Amino acid sequence: MSLKKIFTAGIAATLLSSGAVLAEVDPNLPSYQRVAGISGNLTSVGSDTLNNLMTLWAEEFAKFYPNVAIQIQGAGSGTAPPALTEGTSNFGPMSRPMRASEIRAFEERHGYAPTEIPVAIDMVAVYVNKDNPIEGLSVPQVDAIFSATRSCGYASDISAWGQVGLTGAWANRDITLYSRNAVSGTYGFFREHALCGGDFKSTVNEQPGSSAVVRGVEQTIGGIGYSGIGYRTSGVRVVPLAKEHGGKFAEANGENAVSGDYPLARFLLVYANANPTRGMNPLEKEFFRMVLSKEGQEVVHRDGYVTIPASVAERLRAEKGLN
C-alpha cells in the first residue's frame, strides 16, 4: 500500500512528486527564526512512538526559548484525543490518524475539528534477533506468525522458524511474539496493515512501549516483534518485507516507504486545538514552525525517521496557518 492510500491524498501527492531525497534533510527547508515574546508551558500527551521525537524537539525548542517548559507523556496514541479534547494537553502526538469517534468527541466539545499536522514519516519495522538469518518475510507470512485469523490469506499457521525456510538449529526453534498493547497506535496500524484487520494470537507478549518490544526481541533468540524504525538497536535486525507472498523483499528505508514498496509506512502526526477564527496560540504555532524547519527535521533524521520534504513543509505551513 502506497503513501497515497495511507495518508491524506493531497499531502501524499505532493510528497510523491516532490523529488526530494527523503533519506536526508531537504536543503530547501527554511532555518527556524526566533521570534520575540514566547514563553510559558506546554504539555504533550500521546504516542509512545513519538516520545523520543517530542523530547528531542522540546530540547531543540528550548535552545530558542529557554523560558518555555514542555512536559511530555508517551502512554500511547489512544491517550492523545481525550487529553486534547479535555484541554489537559497542548499537543496530541499520534502514530495513527484520529478515529471518526475521537474527532466527533472533540467537535462536540469545541465546535470544530482538531488540527492534524504530519511531522515525520515512519516505517513500522518487523524486528528479529540480530543472530536470526531470515532473508525476508511476506506480509501474509507476518500475519500467519502474529495472528490467529490469517486474514491475509496464508495457508497455514506459522509457529516455528523452520516454517519460513530456516534450517539447522533454527528449523525447530519456536517463534516468540512481542507486540505493543491495544492503546498503541502502532498496534492498531500493524493489526490493520500486517494482519489485514485480523486478531492477534493469545500467545503474544504485549509490551507497554516501543523500546520494550525491541528489548524483548534482543533478549530472545527466537523472538520477533514490531515497532517504529526509530527504535532499531544493534541487538536486532530489521526484516525486509514483501507485500505479497513470493514478491520482492523491500528494505525499510525512505525510498521504499515513499514508493510504496515497503508496505508498513505511515505519517507520524501531532494534533492541536486551533480555533479556525483565532488560529493557533503563539506558543504552539512556534513549536510547529520549528518542527517543520531545517532544525526540526534534522532532529527527525537523527532519530532514525524519514524527513518531510521542503515542498510538503511549505504546504503544511500555509494550510495550517503557520507562516
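Which residues does Phe146 touch, not counting residues up to four places away in sequence? In this predicted model, where residues are numbered from 1 along each chain as its sequence is written, local features need pLDDT of at least 70 and side-chain atom pairs count only at pLDDT 80 or more, while totals for chains, interfaces and linings use all residues. Side-chain values use heavy atoms, with hydrogens and water left out. With contact taken as heavy atoms within 4.5 Å, Phe146 touches Leu177, Tyr178, Phe190, Leu195, Asp199, Phe200, Lys201, Ile224, Gly225 and Tyr226.

Phe146 also belongs to the largest nonpolar core, which has 92 residues and in which Trp57, Phe146, Phe190 and Ile224 have the most contacts. A nonpolar core is a set of buried Ala, Val, Leu, Ile, Met, Phe, Trp, Tyr and Cys residues joined through side-chain atoms within 4.5 Å, where buried means under 20% relative accessible area, exposed over 50%, and partly exposed in between, with a 1.4 Å probe and protein chains only. Strand S4, which covers residues 115–129, gives the most to this core, with ten residues; helices (H or I, at least four residues) and strands (E, at least two) are DSSP runs, numbered from the N terminus.

Side chains of opposite charge can pair when their charged atoms come close. The structure holds eleven salt bridges, each being a side-chain nitrogen of Lys or Arg within 4 Å of a carboxyl oxygen of Asp or Glu. One of them joins the side chains of Asp122 and Arg266 at 2.8 Å, N to O. Because Asp122 lies in strand S4 and Arg266 in strand S11 (residues 265–272), this pair ties together parts that are 144 residues apart in sequence, and both Asp122 and Arg266 are buried.

A salt bridge is likewise found between the side chains of Lys201 and Asp157, at 2.7 Å from N to O. Lys201 is in the loop between helix H7 (185–193) and strand S7 (205–207), whereas Asp157 is in the loop between helix H6 (139–146) and strand S6 (176–180), and the pair links these distant parts of the chain, 44 residues apart. Lys201, which is also among the residues that Phe146 touches, is buried at a relative accessible area of 14%, while Asp157 counts as partly exposed at 32%.

Within helix H10 (residues 282–291), Arg289 and Glu286 are three residues apart, so about one helical turn separates them; their side chains meet in a salt bridge of 2.7 Å, N to O. Arg289 counts as partly exposed at 22% relative accessibility, whereas Glu286 is buried at 7%. Finally, Arg96, Arg99 and Glu102 are linked in a network of salt bridges.
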